[in-house]
Amino acid sequence: MAQAFAQTGRLFRFSLKKDWLKIFLWLLGAAFFVFVGVFAFVEVYGDPAEREAMAFAMQNPAMEALFGRAVGENNYTIGAMYTHMMTIMTFVLLAIMSILLVVRNTRSEEEDGILELIQAQPTGRVAHTTAAILLLVTTNILVLIISAGVLLTFGDSSMTVEGALLTGTIYASLGIFFGAVTLVTAQLSSNARGVMMLAFGVLGISYVIRIIGDGSMPFLSWFSPLGLLYNTEPFVNNYWYPVFISLGISLLLIVLALYLKQKRDMGSGLLPDRDGKRHASAFLKNPVGFVFDLIKTPLIVWTASMALLGISYGSVIGDVDSLLEGNEVVSEIIAGQEGISMSEQFMAMILGVLGIISSIPAVQFLYRVHGEEKKGRLDKLIAGTHSRYVILGTFFILSALIAVFMQLVTSLTFGGAAVAMDFDVDFVDVLLAGMGYVPAIFVMIGLGTLLVGWLPKLTSMAWLYLGFVFINLYFGELFDFPEWLSNLSAFHYVPEIPIEDWSWTVFLSLTGAAIVLSVIGFIGFRRRDIY
């Protein structure tokens, strides 16, 4: 039995050394997310009367679907408000982190042939999977420590030590749970895409069950890991027993995953694979069809996610006036202007945030060309009949089309939800506002192309720039960023419709800048050596 776990410690240290930067960036992002929430609530809602009004306004089906049922509404402290409005969103973020972490360190390495090299050494049959489990647990324990520390450091007196520890614990428990789910799905599917689809499917079903439970059937929320851990109610009642239930289920899933790991052959999954076509279709035989086949699964996930975000924000936009009117700090954050309703100003900012989020899949899919290069598969394409320009151009064009598509999805769902809720929102304004951010996303794609072409080892710089863009959009007015700093953001130039008018000058200028960056990147990709 002990032989099955041989060299687990060494493999764990190897995984930690290999993924330390990605883990650090995820932890940094999680810490920033927690900080933004607690800082905003402390600064914006210091007045108990404003919190009481917010608690009343948040008790409607749309808000419950987005944030969860209200907790502590009879004494709506900063701690209660944080639990109510930040817990579910943080859960989703950490679930995604854990799913990607486990997929990368299990099925992806098996699919790339790395596990075969490891198993050729004197290592145990489940040592590699156990090392991934240890990495998952270690990462989420760090999330616990960091989250609790941020809450205690920047929170107010209502954020007690027990509540902060419980908040960090439910974050870690949720991450471990979905990591354990992914460990099981990694034994069921024979490829990383299938593993992610199954794991994200569980997350999506859990989210829907939680919405139904919070809306009309409270007992049902206990059958969702999101609802189960939300019911701990940190800073309000501090119930610990849901944590033990969640950890117990996670342990059972981990044991099941290890058992299934020993039952299957390397490279295979326990679920039968669908028989492929005897002959590739004409679409798959050309570069566009081949690249689209590579990205179609994550594209489906991103489309569903962006549609959900659009519906969520569009369904509550009409309540913004009653929620935020008269709050001076909020007016600073969204650059309040006289004569324009708070909901219109908030809508302009939210559509900007959604535009930034749409940049993620656009750049991510462009970077698949670099991923293929790192895995040693790109040279096989280049050795064929297609030039480097054609190969990079295929990824580039699909990335640009995806940017337009994602903005259409968010704009249509946002505007459609607002109109369906009978809010005073002009659907055409929403569509123009959303599409106005497309050239700014093109600039992000151009920057990514430049990095892939000339500095492939620094492609992560695009994500750092995107983080700066978000901070500038969300906090630039509040912190009074200097004009020169704001001007570094491509999104800063986009007119905030309906506050401002559509500008063809901005549209064409940003598109031109994106083209220049892209052309430089193509030239570099043509000249440099391939890994």
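Tutor: Residues are numbered from 1 along each chain as its sequence is written, and side-chain values use heavy atoms, without hydrogens or water. As the model is predicted, local features need pLDDT of at least 70 and side-chain atom pairs count only at pLDDT 80 or more, while totals for chains, interfaces and linings use all residues.

Student: Why is glutamine 7 called partly exposed?

Tutor: Buried means under 20% relative accessible area, exposed means over 50%, and partly exposed is in between (1.4 Å probe, protein chains only). Glutamine 7 has 34% relative accessibility, so it counts as partly exposed. Glutamine 7 also has a positive phi of about 70°, although it isn't a glycine.

Student: What makes glutamate 233 buried?

Tutor: Its relative accessible area is 10%, so glutamate 233 counts as buried. Glutamate 233 has a positive phi too, near 50°, and isn't a glycine either.

Student: What makes a set of residues a nonpolar core?

Tutor: They have to be buried Ala, Val, Leu, Ile, Met, Phe, Trp, Tyr or Cys residues, joined through side-chain atoms within 4.5 Å. The largest one here has 74 residues, and Phe41, Tyr82 and Phe178 are among those with the most contacts inside it. Another core, of 47 residues, lies apart from it and includes Val291 and Tyr367.

Student: Which residues does phenylalanine 41 touch?

Tutor: Contact means heavy atoms within 4.5 Å. Leaving out residues up to four places away in sequence, phenylalanine 41 touches Gly46, Ile78, Met81, Tyr82, Met85 and Met86.
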